[in-house]
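Dear colleague,

I am handing over the structure we spoke about.

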Amino acid sequence: MLAKHFGKDTLSPNEWRPFWIQLSPDGSIRVENDEDGNSPFLSWKREQRMPIDKFESASYKISIDHFAFSSFNTTVDWAFRCPKKHSKDLTECTKLRTTKYEYDVTYSIDDYIQNETTIFLPFYVKAEKEAHITLSPTSERAVVGKRAYEIFLGGYGGDVAGIRDVRGSLAKIKRREYNILSPDEWRPFWIRISPNGLIEVGKEIGSRAFMSWKAELPVDYYSVASYDNGTIDWAIECPKRKLRSEHV
């Protein structure tokens, strides 16, 4: 046994359960079932990096007693080759439009706490450029944007993303991300905040974060806004199950 994990309700005969297998260049194999696709419950590192080009699936014979006097074959339903993209069914999300650089409404982040400590916040954006999100320790409008972290997507003309610790300040981290937003389709994103204060931002389900920054302030609320008088359509407060593929 190379690795083992004990967990209740890992599988269910009544509903589909999503899983991910990640193979890293360093030989690490990770098995995951979280919505963010970045929280492995099982991992192992190969000493010899054998190439992996194929995969297979099977059921296992279960013994009724410890002595295997009788046994039966289990029935397992599988769904493979699932699209990596988020579901675009946003009917249960809260939709709103912002047209100015004002954080008028704040939203609690409590509903998106996983494993009692980690925050995983999904959202969707439809815009040409300049979508801004603040992460703040308070809901007070006078403080939000002044004592908060600000994430911007499609900045500097549309192809830059970054994180800064005060509204309007220089970016602590900045990345070139071409065509990160679109005015014609919803683009999915997620923000994860770990107990150690690490803020990570990602795009597609199961993808790794494309930028991160270590926060010092606690984060309990978030808010969204436009910049440069841009029109931004948002889909927020989405149920976490919307991150799972519905093509099964």
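**Salt bridges**

At 35% relative accessibility, Glu-185 counts as partly exposed. Its side chain meets that of Arg-187 in a salt bridge, with 2.7 Å from N to O. Please keep in mind throughout that this is a predicted model.

The structure holds eight salt bridges. Besides the pair of Glu-185 and Arg-187, two others are described here.

One of them joins the side chains of Arg-97 and Asp-233, again at 2.7 Å from N to O. This pair links distant parts of the chain: Arg-97 belongs to strand 6 (residues 94–98) and Asp-233 to strand 18, 136 residues apart. Asp-233 is at 15% and so counts as buried, the cut-off being under 20%.

The other is between Lys-203 and Glu-177, whose closest N and O atoms are 2.6 Å apart. It also links distant parts of the chain, 26 residues apart: Lys-203 sits in the loop between strand 15 and strand 16 (211–214), and Glu-177 in the loop between strand 13 (173–176) and strand 14. Lys-203 is partly exposed, with a relative accessible area of 28%, while Glu-177 is buried at 8%. As background, side chains of opposite charge can pair when their charged atoms come close.

How much of strand 14 is buried? Seven of its seven residues are. Arg-187, Phe-189, Ile-191 and Ile-193 point one way from the strand, whereas Pro-188, Trp-190 and Arg-192 point the other way.

Strand 14 pairs with strand 9 in the antiparallel sense over seven bridges. The hairpin of strand 14 and strand 15 has four residues between the strands, and Gly-197 takes a positive phi near 90° in it.

**Nonpolar cores and a surface patch**

The largest nonpolar core has 32 residues, and those with the most contacts inside it are Ile-151, Leu-153 and Ile-191. Among the elements that give two or more residues to this core are strand 10 (131–136), strand 11 (149–155), strand 12 (160–164), strand 14 (187–193) and strand 17 (221–226). Strand 9 supplies the largest share, four residues.

Ile-191 ties several of these parts together. Leaving aside residues up to four places away in sequence, Ile-191 touches Ile-119, Phe-120, Leu-121, Phe-123, Ile-133, Leu-135, Ile-151, Ile-199, Glu-200 and Val-201. A second, separate core of six residues includes Cys-93, Trp-186, Ala-235 and Cys-238. In soluble globular proteins, nonpolar side chains tend to be buried together.

Some nonpolar side chains lie at the surface instead. Ile-21, Leu-23 and Ile-52 form a nonpolar patch there, with about 300 Å² of accessible area together. Of these, Ile-52 is in the loop between strand 3 (40–45) and strand 4 (61–63), and is partly exposed at a relative accessible area of 43%.

An open sheet of six strands has the order 7-17-10-11-12-13, with antiparallel pairing. Which strands stand at its edges? They are strand 7 (107–108) and strand 13; each has a single partner strand, so one side of each is left without a neighbour in the sheet.

Within the sheet, strand 10 and strand 17 run antiparallel and are joined by six bridges. Ile-133 stands opposite Val-224 in strand 17. Strand 17 also holds Tyr-221, which is partly exposed at 27% relative accessibility. The C-alpha atoms of Tyr-221 and Thr-138 are separated by 6.3 Å, although the two residues are 83 apart along the chain. Not counting residues up to four places away in sequence, the contacts of Tyr-221 include Thr-106, Tyr-107, Ser-108, Leu-135, Pro-137 and Thr-138.

Regards

Conventions: Residues are numbered from 1 along each chain as its sequence is written. This is a predicted model: local features need pLDDT of at least 70, side-chain atom pairs count only at pLDDT 80 or more; totals for chains, interfaces and linings use all residues. Side-chain values use heavy atoms; hydrogens and water are left out. A nonpolar core is a set of buried Ala, Val, Leu, Ile, Met, Phe, Trp, Tyr and Cys residues joined through side-chain atoms within 4.5 Å. Buried means under 20% relative accessible area, exposed over 50%, partly exposed in between (1.4 Å probe, protein chains only). Contact means heavy atoms within 4.5 Å. Patches are made of residues with over 30% relative accessible area and no salt bridge: like charges are joined within 9 Å, nonpolar side chains (Val, Leu, Ile, Met, Phe, Trp, Tyr) within 5 Å. Accessible areas come from the Shrake-Rupley method with a 1.4 Å probe; for residues, only the protein chains shown count as cover. A salt bridge is a side-chain nitrogen of Lys or Arg within 4 Å of a carboxyl oxygen of Asp or Glu. Two strands pair if DSSP finds at least two bridges between them.
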